[in-house]
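Dear colleague,

I am handing over the structure we spoke about, and I would be glad if you could look it over alongside the notes below.

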Amino acid sequence: MAPGSTQTLLGRKIVLGVSGSIAAYKAVGLLRLLMREGADVSVVMTEAATRFVGPLTFEVLSRRPVATDLFAARQEMLHLTLPEWADAVVIAPATANQIAKYALGLADDLLSALVLNTSCPLILAPAMDGNMWDHPAVTAHREALRQRGVTVLEPEEGPLASGRVGKGRLPDDTVILSAIEQRLFPRLDWRGQRLLVSAGPTQEAIDPVRFISNRSSGKMGYALAQAARERGAEVTLVSGPTALTVPPGIHYVPVCTAEEMDKALTAHFAWSTVLIMAAAVADFRPAQASSTKLKKRKEALNKLDLEPTPDILERLSLRRTSQTLVGFAAETEAVLPQAKDKLVRKGLDLIVGNNVLAEGSGFGSDTNEAVLVDREGGVTELGLLPKRVLADRILDVISTLPCAIKRSAAAKKPPAAGNKN
Ligand code: PMT
């Protein structure tokens, strides 16, 4: 067994489709990861993909011939036989063009014809320029595919081949692997749980056009909501303003201020079995928001009176019946002692400390580096991980907390107030 591998895909047959994006070279790393996990991988490339990476690279590493042409070996009819052979079909990178073809049912090359014949789990890992990802046509195509049960992963944000910065980078290998695992072996270990999760920033008005806020993008909280939903939980997501798409099957409650977040969470708290506070709630707000736009006069800008916002987590902790309470600690130094202090002060079962100054960690990034501390003093250090992968690790740890196990019986009871989903 390769070092670090848990052979989760041992004996599984995977078709890896590679389409024509500069990210095609990253599919080589993905192939190696799938092979390390024990999968038998057959690679299919579009003609455009072969311009970025030679088929020989994939052929040598997969130890299988690479198919590129719908007409090359007509008698083999690979567009029919490969999807029948496969346990899962993964397209990485999936270009806007390929995604459009799958959405419309076009089949003018081997890969799109193969996808049209696929009845096993289909996972698309898109890569394209940010403007293309945001285009209404691409948005409509990916939503149509999701409606049909296709897993379409969200691309990562960061520097793109165009030189711009945006959302369009191929998701990390580990995110693709975990999506494949979730489709092949759906874990429903959170079934029966009702997760209340907060995400994003709050906005505290100074006047009708200005507000105090912070750098939270909501990615950490949304990743937790999505992971729990996929693992069978009912999920209510209370979110401050973000640019994110709400994952399917989630009861979404949009809020703006700390006060609104407090009200929404308090209203759903009795329903929940687990609360995770990933939101970056403003600690202070203007004592008096002006009802008209403040003028640019010197005296108006000199001073802003602030008052503390309610500590939502601390308040809910006092109202808890059987809920498991999980908080986050956003720190810039001494993460572990400060996280431990917040765990005790706020009466939590678990706290996720993250250093928001560390490279690739904290606000806005697709990755996060976290240390988990439970009330029994157990410490779990997790290295830098994609937030979607970290979300699963956090859920794993919550499931093993002694308090969560004790309370899981209560979790099976029907809710007092119904979820809208
Ligand atoms: O949204 P992303 O861009 O993905 O970034 C993720 C994140 C950095 C926001 C997230 O990982 C994180 O650390 N969230 C908590 C941010 C925070 O407010 O931390 P804190 O240490 O200030 O607060 C401690 C805990 O108390 C948090 O769970 C917070 O939600 C809660 N809190 C804070 C203030 C307040 N008035 N009420 C609260 O309930």
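This is a predicted model: local features need pLDDT of at least 70, side-chain atom pairs count only at pLDDT 80 or more; totals for chains, interfaces and linings use all residues.

Five strands form an open sheet in the order β2-β1-β3-β4-β5, with parallel pairing. The edges are taken by β2 (40-45) and β5 (151-152), each of which has a single partner strand, so one side of each lacks a neighbour in the sheet. Helix α4 (residues 78-85) packs on this sheet, where it touches β1 and β2, and its direction makes about 150° with that of β2. Within the sheet, strand β1 (residues 13-18) runs parallel to strand β3 (residues 88-94) and is joined to it by four bridges, with L16 having V90 in β3 as its bridge partner.

Turning to the helix pair, α5 (residues 96-104) packs against α8 (residues 136-147) at an angle of about 50°, their axes being 9 Å apart, which makes α5 oblique to α8. The crossing is left-handed, and the contacts include A96, I99 and L104 from α5 and V138, H141 and L145 from α8.

Elsewhere, strand β11 (residues 234-239) pairs with β12 in the parallel sense over four bridges, and V238 stands opposite V253 in β12. Strand β12 (residues 251-254) has H251 and V253 on its covered face, whereas Y252 and P254 lie on the uncovered one.

Finally, the largest nonpolar core holds 36 residues, among which L224, I276, I394 and I398 touch the most other members. A second, separate core of 34 residues includes A49, V90, L177 and I180.

Best regards

Technical notes
Residues are numbered from 1 along each chain as its sequence is written. Side-chain values use heavy atoms; hydrogens and water are left out. A nonpolar core is a set of buried Ala, Val, Leu, Ile, Met, Phe, Trp, Tyr and Cys residues joined through side-chain atoms within 4.5 Å. Buried means under 20% relative accessible area, exposed over 50%, partly exposed in between (1.4 Å probe, protein chains only). Helices (H or I, at least four residues) and strands (E, at least two) are DSSP runs, numbered from the N terminus. Two strands pair if DSSP finds at least two bridges between them. Axes are lines fitted to C-alpha atoms, for helices over the stretch in contact, and angles run from 0 to 180 degrees between N-to-C directions. Angles under 35 degrees count as roughly parallel, over 145 as roughly antiparallel, 65 to 115 as roughly perpendicular and the rest as oblique. A crossing is left-handed if the near helix is turned anticlockwise from the far one by less than a right angle, and right-handed if clockwise. Contact means heavy atoms within 4.5 Å.
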